Amino acid sequence: MSSTRPRWPDNPDVRIDVRSAVGRYDDFYEVVGVKKPGGRGCWCMAYRDNRVPADEAPGYMRGLCSAEPGPGVLAYVDDVVAGWCSIAPRSTYRRLMNSRTIPFVDERDAWAAVCFVVRAGYRRRGLMHHLLAGAVEHARAHGAEVVEGYPADTGPDRVDVISGYVGTVRMFEQAGFVRATETSGVSGGRRRWVMRLELGQDGAPSAAPG
C-alpha cells in the first residue's frame, strides 16, 4: 500500500510499510490476537459487534480479513508486522452506530479509524502516524469521501498505552484532520473529539468546510 524511509531512532535505513489486512489474518493475529489459552481480549471487536462471543471473535475477524475492503491496515518494519489500525466505514461498527457519546457529524458514511495497536519493542517511534496515514490511503482507495477518528485531547502530554489506543488529537491534526465536534466520551480521563479529514467525492483531498 505505502512505504517510506522515515527517521528511525537507532537505524535511519529502516523501511516501514503500511498494508491492507486483506489476506493477512495471521499478521493481524500477531498484533491483536490473544495468544494465552483461555484469554479473552478484545480482538478489535468492541466497536464492531461486542455481542460476538469471545471464542467466535477469531473466526469473525478471519472472515473480514478474507475480502475487500477488510477491517484495517497493518504496519511492517523491515517486513516484520509491528502495528495495527482499525479503519472501515462507520456503518460497519455496530457500537458506533448506536453510540450515545460519539455523535454523527452528517449523513455520510465516514470511514472511521477507531483504534491503534503497536507491538512492544516498536512503540514511541512514530508508527501510529504511519498507521494513520496508511489508513487514510486505504480509505481513499476504496472511495471514501471523508475519514474520521475519535482521539483523546491530551495536549502536548503523552498518553499511556491503554487509553492511547484511540490516538491523540495532536496526532490527527498533524495528519491534516480538523476538529469537527466534541464528544461526551473520554479516554484516560481526557475528552475525545470527532476529527475529520475531507477527501471529496473522488477520494481526493478537499478543503475542510467552514
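**Entry 1: a salt bridge between Glu182 and Arg191**

I began with glutamate 182, which forms a salt bridge with arginine 191, the closest N and O atoms lying 3.7 Å apart. I counted as a salt bridge a side-chain nitrogen of Lys or Arg within 4 Å of a carboxyl oxygen of Asp or Glu. Glutamate 182 is partly exposed at 43% relative accessible area, and arginine 191 is partly exposed at 34%. Here buried means under 20% relative accessible area, exposed over 50%, and partly exposed in between (1.4 Å probe, protein chains only).

**Entry 2: basis of the values**

I note that this is a predicted model, in which local features need pLDDT of at least 70 and side-chain atom pairs count only at pLDDT 80 or more, while totals for chains, interfaces and linings use all residues. Residues are numbered from 1 along each chain as its sequence is written, and side-chain values use heavy atoms, with hydrogens and water left out.

**Entry 3: further salt bridges**

I recorded 13 salt bridges by this rule. Arginine 51 pairs with aspartate 49 at 2.8 Å between the closest N and O atoms; arginine 51 is exposed at 56% relative accessibility, whereas aspartate 49 is buried at 11%.

I then looked up aspartate 106, which forms a salt bridge with arginine 196, the closest N and O atoms being 2.9 Å apart. Aspartate 106 lies in the loop between helix H3 (94-97) and E5 and arginine 196 in strand E8, so the pair ties together parts that are 90 residues apart in sequence. Helices (H or I, at least four residues) and strands (E, at least two) are DSSP runs, numbered from the N terminus. Aspartate 106 is partly exposed at 28%; arginine 196 is buried at 6%. Both belong to a salt-bridge network that also links Arg90, Arg108, Glu145, Glu148 and Glu198.

**Entry 4: the nonpolar core**

I turned to the largest nonpolar core, which has 30 residues, and found that Ile87, Val147 and Phe177 touch the most other members. Such a core is a set of buried Ala, Val, Leu, Ile, Met, Phe, Trp, Tyr and Cys residues joined through side-chain atoms within 4.5 Å. Among the elements supplying at least two residues each are strand E4 (80-89), helix H4 (127-141) and strand E8 (190-198). H4 gives the most, with 6 residues.

For isoleucine 87 I listed contacts (heavy atoms within 4.5 Å). Leaving aside neighbours within four places in sequence, its partners include Val73, Trp111, Ala135, His138 and Val147. A second, separate core of 26 residues includes Val32, Tyr93, Ile102 and Val114.
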